[in-house]
Amino acid sequence: MPISPRLKEIFQNAKSVCVLTGAGISAESGVPTFRGGGNAAVWKGMPFDQISSARMVRENLNEVWEWFDYRRGVLKDCEPNPAHFALAEWQNRFADFTLVTQNVDGLHHRAGSREVLELHGNINRSSCTNCEKRFQMNAEDVPHKPEVCDRCEARVRPDVVLFGEMLPMDAFLKAEQKSRECDLFFVVGTSALVYPAAGLAEIAKFSGARLVEINPEETPMTGFCDEVLRGKAGEVLPLF
Ligand code: BJW
């Protein structure tokens, strides 16, 4: 998948670059995606959008923890891949660079990205269901610790954003502002189905940015993009 000379030139001259990543960027690290390839993640016969939901936290937090402990167990053996490393290098290439991720796996940080706007939280943190105190978990804490908050003794939950829940407002507002201001926006490894994250690409495009998609499959965003690079993130991103 060669990058056209024209896109290379646009990339080299860009002042402000914004990248939105999704589960596909971690696929080559061995982290399963939610959708794509004709499959959707299922846990104990339940579609993930049922278990990863605000309702499930209210009705069956034990099951939610089992699902996230399982996924933290999978993640323990996963390492950042060339796509994560390429983006960590981009932060030094541009006067203004913003990395926004929907992923909860922390692999961008582990690859060396200094500032990552995590729109859907982080799987290695938990938060109190009552006072919202946050706790960092170690990858080895499977099953999770602590069980209850040391400040108010309410139960803790995974600190991730589930369907029907609000995104962290500070991260989202900053991502929205940077999407509006950038001149080049990359949509990498996301099915672009989940809002409001997917809407950032639309904001960028309507504000005049050039939109580039990197994904081996077509998505609802494809027709909207100025450039489509059909390939794996770990193979395409290092080519820039
Ligand atoms: C590769 C590759 C390789 C493979 N290289 N690529 C507006 C319109 C319609 C609906 C809504 C709307 N606004 C809000 C909604 C509702 C809802 C929503 O969007 N629903 C749609 C699905 C219909 N959104 C919400 O509920 C959000 N909250 C919200 O809006 O709050 C306001 C509100 C509150 C109360 C009531 C009403 C409104 C919250 C969304 C939170 C999403 N959370 C999850 C789970 C996180 C925890 C967990 O990890 O379990 O986040 S869902 C899941 O999807 C996860 C992901 O971050 C997210 C996006 O998935 P992603 O990253 O795109 O992955 P995949 O698997 O879908 O795609 C992978 C892609 O990679 C594929 O395209 C492959 O081809 C590609 N790929 N290998 C490059 N090597």
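Angles between elements run from 0 to 180 degrees between N-to-C directions, with axes fitted as lines to C-alpha atoms. This applies to every close-up below that gives an angle between axes. The model shown is predicted.

**View 1. A three-stranded open sheet with antiparallel pairing.** The strand order is β7-β6-β8. Strands β7 (134–136) and β8 (156–160) form the edges, and each pairs on one side only. Neighbouring strands of this sheet are turned against each other by 40° on average, with direction ignored. Strand β6 covers residues 121–128 and is joined to β8 by four bridges. These two strands run antiparallel. Within this part of the model, Gly-121 stands opposite Val-160, a residue of β8.

**View 2. Helix α4 against the three-stranded sheet.** Helix α4 spans residues 61–75. It lies across β6 and β8. Its direction makes about 50° with that of β8.

**View 3. A six-stranded open sheet with parallel pairing.** The order of strands is β5-β4-β1-β9-β10-β11. At the edges are β5 (117–118) and β11 (227–229), each with pairing on one side only. Strand β1, residues 16–21, runs parallel to strand β4, residues 96–101. Six bridges join the two. Val-17 stands opposite Phe-97 of β4. Helix α8, residues 199–206, packs on this sheet. The helix touches four strands: β1, β4, β9 (184–188) and β10 (210–214). The direction of α8 makes about 155° with that of β9.

View 4. The side chain of Arg-35 places an N or O atom 2.5 Å from an oxygen atom of the ligand. Arg-71 also has a polar side-chain atom 2.5 Å from a ligand oxygen. For Glu-28, a polar side-chain atom lies 2.9 Å from a ligand nitrogen. On its own the ligand has 1500 Å² of accessible area, and the protein covers 76% of this.

**View 5. The residue shell around the ligand.** There are 34 residues around the ligand. Those that come nearest are Arg-35, Arg-71, Glu-165, Thr-190 and Ser-191. Sorted by class, the shell holds 17 nonpolar residues, 11 polar residues and six charged residues.

View 6. Pro-146 sits in the loop between β7 and β8. Pro-196 belongs to the loop between β9 and α8.

**View 7. A positive phi at Glu-132.** Phi is about 70° at this residue, although Glu-132 is not a glycine. Glu-132 is found in the loop between β6 and β7.

Key
Residues are numbered from 1 along each chain as its sequence is written. This is a predicted model: local features need pLDDT of at least 70, side-chain atom pairs count only at pLDDT 80 or more; totals for chains, interfaces and linings use all residues. Side-chain values use heavy atoms; hydrogens and water are left out. Two strands pair if DSSP finds at least two bridges between them. Contact means heavy atoms within 4.5 Å. A residue is near a molecule or strand if one of its heavy atoms lies within 4 Å of it. A polar contact is a pair of N or O atoms within 3.5 Å; within protein, one must be able to donate a hydrogen and the other to accept it, and residues adjacent in sequence count only if both atoms are side-chain atoms. Accessible areas come from the Shrake-Rupley method with a 1.4 Å probe; for residues, only the protein chains shown count as cover. Ala, Val, Leu, Ile, Met, Phe, Trp, Tyr, Cys and Pro count as nonpolar, Asp, Glu, Lys and Arg as charged, and the others, Gly among them, as polar.
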